[in-house]
Amino acid sequence: MTNDLIHATAAELAAKIHSGEVSSVEVTQAHLDRIAETDGKVHAFLHVDAEGALAQARKVDEAVKAGETVSPLAGVPLALKDVMTTEGVPTTVGSKILEGWLPPYDATVTRKLKEAGVVILGKTNMDEFAMGSSTENSAYGPTHNPWDLDRIPGGSGGGSSAALAALQAPLAIGTDTGGSIRQPGAVTGTVGVKPTYGGVSRYGLVAFSSSLDQAGPCARTVLDAALLHEVIAGYDEMDSTSINEPVPPVVAAAREGLTGDLSGVRIGVVTQFQGEGYQPGVLRSFQAAVSQLKELGAEIADVSCPSFDYALPAYYLIAPSECSSNLARFDAMRYGLRVGDDGTRSTEEVMSLTREAGFGPEVKRRIMIGTYALSSGYYDAYYGSAQKVRTLITRDFQKAFATFDVLISPTTPTTAFKIGERADDPMAMYKADLCTIPANLAGTPAMSVPSGLSDEDGLPVGLQIMAPALQDHRMYRVAAAYEAARGAFGGASL
Amino acid sequence: MTSLVELMDYDEVIEKYDPVLGLEVHVELHTNTKMFCGCANAFGGEPNTNTCPTCLGLPGSLPVVNGKAVESAIRIGLALNCEIAEWCRFARKNYFYPDMPKNFQTSQYDEPIAFNGWLDVTLDDGEVIRVEIERAHMEEDTGKSLHVGGATGRIHGAEHSLLDYNRAGVPLIEIVTKMIPGTGRRAPEVARAYVTALRDLLKALDVSDVRMDQGSLRCDANVSLSPKTTGELGTRTETKNVNSLRSVERAVRFEMTRQAAVLASGGEVTQETRHFDESSGTTSPGRKKETAEDYRYFPEPDLVPIAPSREWVEELRGTLPELPWERRARIQKDWNLTDEVLRDLVNAGALDLIEATVVAGAKPDEARSWWVSYLAQQANTRGVELSGLAITPAEVARVIELVNSGALTNKLAREAVNGVLEGEGSPDEVVEKRGLKVVSDDSALEKAVDEALAAQPDVAQKIRDGKVQAAGAIVGAVMKATKGQADAARVREIVLARCS
């Protein structure tokens, strides 16, 4: 029974809970047990809120018993990335500087999940302040990839994706600034979606880079991701950058895709994202996916987006610039860590000592890069130029979407690498996000869906599907059709 | 410490240098809520009660622009004859300070909402100077630090500091003038007159409490001296903590004499922020900065651009009230005042009060007479501004009405006013409590007159002998006996009748 419950999809669990076949408490307990059993090895969670989860589960069970109509995912457990504030529940953002902080308010995403009856199991591990591609930058130790515990689960949202792959939760929330949902999805064999920028409220998402950060759904199936997408998306007056438009019909699109017909759908293969630096097994998996999409009726052709070559350098100016400002508030004055306040030191010294002790090396590196890039005399050359590149990338997307309904590429150049392998080589680490960054810079939606295993190392590979702004449903349709055609590809060895 | 500062004689300063002014005024808008969140925008209150995740800068919180503040900013811009941006953004001004929750201030940088305007400023002698406005932009206020344990209340030497974030996020408009050259000897006066004119304008627009003592209007005065010999611009200082109109004038004057002395001794003026000390009337350097200030401005990514439609701007132009200079012109015409009289009324801060008194029913001449004479004296004795007197224009109008109806003599009216100023209640209540009634009962007066005549038989005899002017002594005695509540003219009639 427990085994069935942890292998089930969110859609299946919801159906069983709402029909009374199983209780949400049983489902929740099964996942809590799974976490207890496996998280010593995986370390996907920073905080498990068993009490809160079971309380929410009981509430849903009572509602079901009373014959009330509950929302589509009510009673289904979820793993929440520790970047989202949760009232009264620790929110560390993977950093020592927020150790012990209990937020006095819920993020809009948290609130929407609670209102929808979703059961929040706990908070998942992440690279500190979402800066990283391996979850090794977490101040609380790395998360291990359930497919191979010596390997990284991707990042920054490695905890959320690893929890899905380890069957600790059927649903998870991630945030994606340069690929932090899609790249972990790819290397853990799970689905990860970055919605259109502004599609999901950022209120309560502890900011890394405000103009790029976007929360999105993570799941093991495309339909589950779509169901979760519709729970968390929508206009929020607390976030000025959220879009006041109807939520794209992603669930309907996923259901349509599951019928397996993609006739007439025009798909562009981005030529910039293949060739040198790409693992052969990843490219072979990608080519197999292309063939499969053709068989489903899609029209496929190459498309060149030349400015995508400059996405990585532009990203590593814009994101650090914004983070240098966003992270200034962590100064020991109001919350979080305070170091050196022994009555002999000035405010500046306490701020300085706290930031020295509280931030890890990658966070410091980016704060310094960003501070430099925004300095007078350098602003135009760095931040200014990067913004121009951003405009060019947006134009490349617009041009490509004039011909194609969606664009595709591998999600990552390689499969999961070994823990520690790239720890001393930031450039190698940054390249993990090569294919995912353009969509963040343009604010367009993109997702990763598993395309099976690489033939050379047996590790998961991701297919990235990108769509125009507010056309999130297009990629869900393609992903669901592909997923059905692809079939099962096994599970993590854990 | 101040005794060490060398100052140059003011006449000599003017002989050798041309002062150049630049004034930055911060106005707190009195919107119901703060600039970027729904917290109440209220002065005072228990520390840290008007706060929320956004104005405390908690992780994850986001700003949302207060539309009413944008509206006020545009109206201020229009009243200052500015152009209104068709598209503008907020920017982050990055620097660390404990009273700033996010360690950046959400402000505007190279894209202000209003720019290129002017304000005509009338000096004490009636001369009008046009001050050019560089820009008016929106930003948020910081919290307040209270430094405990130091001698000066400033951070230097303090043992610890307390922080109150009630003010954090209060909407501010910063209004910056272009350089104001060529004011010569009158530079300090121009500075004061500009801030006064701006204050009156903002008051008329009803966008702010404009209380300098409470910090809802704050002025930073930039002063530099340009040597007459070379005409080159000098290094400027920026003086903060200037908390009254008079201080604006004093601070500018002090900086002129101080900078001139520095230059004359062969020194260089340091570009720095200085702090005005109200009690000594001097300025002293702010905390020395070890590094050059680099605010690393960049467009605020948490907010979308503001693009006020031209229709909206014109609609707001239509909501501008009668502006102070338009009102002055109208009043001058309606009340038939000379330039000189009008100027005196403006300088005395009496115009608003007189107009309100007129609106409450008094005639302009009567209202003016009360405010510029007796009430001005009272303000002077009590050491307050005319507007600080504890009497309302409506109460003054009521006193005038009582005089006109014959219920009070002028003398009694002054006593009634005194009672109001002492907090004894409304004019009618004071009249009741103090028993201020004209004694109009002839039999009572006749009795008093008879007593006075009996008490001074020699005087009585003189009157009977036709020395009518001697009646004054009897009238005086009666007035004294009735505590001034008799109508002196009527008493005189009775005296003469009794002695005829």
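Trainee: Where does His43(A) sit in chain A?
Mentor: His43(A) is in the loop between helix 3 (24–42) and strand 1 (45–48) of chain A. Helices (H or I, at least four residues) and strands (E, at least two) are DSSP runs, numbered from the N terminus.

Trainee: Is this an experimental structure or a predicted model?
Mentor: This is a predicted model, where local features need pLDDT of at least 70, side-chain atom pairs count only at pLDDT 80 or more, and totals for chains, interfaces and linings use all residues. Residues are numbered from 1 along each chain as its sequence is written, while chains are lettered from A and ligands numbered from 1 in the order in which they are written.

Trainee: Back to His43(A). What is its phi?
Mentor: Positive, about 55 degrees, although His43(A) is not a glycine.

Trainee: Buried or exposed, that His43(A)?
Mentor: His43(A) counts as buried because it has 22 C-beta neighbours inside 10 Å. Buried takes 20 or more other C-beta atoms within 10 Å of the residue's own, exposed 12 or fewer, and partly exposed is in between, with C-beta atoms placed from the backbone.

Trainee: And Asp206(B), which is not a glycine: what phi does it have?
Mentor: Asp206(B) also has a positive phi, about 55 degrees. Asp206(B) lies in the loop between helix 3 (187–205) and strand 10 (217–227) of chain B. Asp206(B) has 12 C-beta neighbours inside 10 Å, so it counts as exposed.

Trainee: Which peptide bond is cis?
Mentor: The one from Gly155(A) to Ser156(A) is cis, with omega near 10 degrees. Ser156(A) belongs to the loop between strand 3 (119–124) and helix 6 (158–165) of chain A.

Trainee: Now the sheet. What is the strand order in chain A?
Mentor: The order is 1-3-2-4-6-5-10-11-9-7-8, an open sheet of 11 strands with mixed pairing; a pair needs at least two DSSP bridges. Strand 1 and strand 8 (299–303) of chain A are at the edges with a single partner strand each, so one side of each has no neighbour in the sheet. From one strand to the next the twist averages 30 degrees.

Trainee: How do strand 4 and strand 6 of chain A run?
Mentor: Antiparallel: 5 bridges join strand 4 (residues 171–175) to strand 6 (residues 215–219) of chain A. Thr175(A) stands opposite Ala215(A).

Trainee: What does UniProt list for chain A?
Mentor: The unreviewed entry lists "domain: Amidase" for residues 26–474 of chain A. UniProt positions use the numbering here, feature names are shortened, and annotations may be inferred rather than shown by experiment. That span is 38% helix and 13% strand, and its end C-alpha atoms lie 36 Å apart.

Technical notes
Axes fitted to C-alpha atoms, helices over the stretch in contact; angles between N-to-C directions.
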